[in-house]
Amino acid sequence: MTAQTTDFSLTPEELAAFHRDGFAGPFTLYEPEEIAREWGRTRLELLDRSHAVYRDEAAVSGGNNIANYDRHLDHRFLARHITRPEIVDRVAGILGPDVLCWRTEFFPKNPGDEGTDWHQADTFANASGTPQILWPGESRFGGTITVWCAFSEATVDMGCLQFIPGTHESMNYDETKRMHYAPERNASVVKDGVRRGFFGYDYRELQIDPDFKPDESKAVSMEMRAGQFIVFWSTLMHASHPHAGTSKQMRMGYAARYVPTSVRIYPDTQVIEEYGGTVGLDRYGAVLVCGEDRYGHNTLAAHTTRGVPFQRRSRPAGR
């Protein structure tokens with residue numbers, strides 16, 4: 001467990017704005033030179049999948065996003081990243097003192113790549129048809145706190161995130177409908193003049209109202225310097241711009257997803273099935289990044305597959 005020193009919780013003003021808008025930030029975690037050095041080394045090291053938790057043949061397919069999942073479970077820098085107090089304190093101030101990191105994934109955008117379509121995520125059943133997280137009791141709906149960190153510059157021209165503030169309080173999509181994976185049909189679809197896709201799916205298949213269109217007049221673009229991160233509800237309407245190709249640099253985002261320990265993760269399933277592939281969960285474990293687990297709902301990982309212990313934050317100072 002880490003020593004308790006500085007408290008990085010959201011200020012009362014930041015927390016009020018978060019509840020109103022559904023997001024907070026950006027905040028600086030690394031200086032640009034530091035993340036360039038760390039990511040440059042990490043990018044090469046990730047080519048070694050010998051300790052990755054998803055070693056199934058499907059996971060290493062070039063067209064399958066599952067290969068991007070949960071590399072914090074085998075890589076030292078990413079394991080440290082998800083437990084950084086600058087992140088964990090802010091998340092715990094929203095979710096409560098007992099917090100799990102249940103998934104991480106990379107979001108690369110190469111020069112010329114399409115933008116990501118507008119979407120919301122509640123149970124994350126959108127691609128698999130099976131809920132991946134379930135909140136307890138009679139929760140209106142759940143979602144997860146996503147911490148999206150720019151491992152490279154994220155400008156409008158390079159495909160930064162877009163949010164529609166205040167849209168996290170109601171869902172416009174029914175994840176039980178399930179989308180159909182068709183990358184040959186859903187690549188670079190032009191929607192209202194913008195090339196947008198969703199990794200081989202068409203997110204519009206989940207719309208509750210078939211005539212619904214996001215009000216893009218209210219959208220804000222979240223430009224970030226390399227090393228900055230933003231915190232947002234997955235139920236917030238979010239998307240990303242296309243990479244205009246004005247720079248030869250890839251835009252790389254790294255998303256870590258957090259829930260309270262009361263949430264059930266991958267309930268009643270032993271596989272992740274989406275993006276045209278399937279991987280088993282036999283080596284998976286959620287990471288307790290703050291507080292205690294008083295529920296025992298989920299399998300936990302105390303250390304990486306290479307034996308590096310995960311650091312755990314106690315309750316932020318003053319709480």
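Mentor: Let's start with the largest nonpolar core, which has 73 residues. A nonpolar core here is a set of buried Ala, Val, Leu, Ile, Met, Phe, Trp, Tyr and Cys residues joined through side-chain atoms within 4.5 Å. Buried means under 20% relative accessible area, exposed is over 50%, and partly exposed is in between, using a 1.4 Å probe and protein chains only. The residues with the most contacts inside this core are Ile82, Ile145, Phe151, Tyr258, Ile265, Tyr284 and Val289. Helix H4 (residues 85-95) gives the largest share of the core, six residues. Helices (H or I, at least four residues) and strands (E, at least two) are DSSP runs, numbered from the N terminus.

Two quick notes before we go on. This is a predicted model, where local features need pLDDT of at least 70 and side-chain atom pairs count only at pLDDT 80 or more, while totals for chains, interfaces and linings use all residues. Residues are numbered from 1 along each chain as its sequence is written, and side-chain values use heavy atoms, with hydrogens and water left out.

Now zoom in on Phe151. Leaving aside neighbours within four places in sequence, Phe151 is in contact (heavy atoms within 4.5 Å) with Ile35, Trp39, Phe77, Leu78, His81, Phe106, Ala226, Met252 and Tyr254. There is also a second, separate core of 14 residues, with Ala154, Cys160, Leu161 and Phe163 among them. As background, nonpolar side chains tend to be buried together in soluble globular proteins.

Grid points are joined across faces, edges and corners, and a volume is the space filled by probe spheres set on the points. The count comes to one cavity of 30 Å³ or more, and the largest cavity has a volume of about 360 Å³. Its lining holds 25 residues, with Phe107, His119, Phe198, Phe199 and Arg257 nearest the centre. Strand S2 (99-109) gives the largest share of that lining, five residues, and strands S11 (238-240) and S12 (251-260) also give two or more.

Trp39 and Met252 turn up again at the second largest pocket: along with Arg43, Leu46 and Asn68, they lie nearest its centre, out of 14 lining residues. That pocket has a volume of about 390 Å³, and H2 gives the most to its lining, with three residues.

Finally, look at some buried loop residues. Ser234 sits in the loop between strand S10 (228-233) and S11. With a relative accessible area of 1%, Ser234 is buried. Its side chain reaches the backbone oxygen of Ala121 at 2.7 Å. Asp70, in the loop between H2 and helix H3 (76-82), has a phi near 60°, a positive value in a residue other than glycine. Asp70 counts as buried because its relative accessibility is 0%. Tyr266 also has a positive phi, near 50°, and counts as buried at 6% relative accessibility.

Definitions and conventions: On a 1 Å grid over the protein atoms alone, a cavity is a set of points where a 1.4 Å probe fits but cannot get out, and a pocket is an open set with protein on both sides within 12 Å along at least five of seven lines; lining residues have an atom within 4 Å of a point. A polar contact is a pair of N or O atoms within 3.5 Å; within protein, one must be able to donate a hydrogen and the other to accept it, and residues adjacent in sequence count only if both atoms are side-chain atoms.
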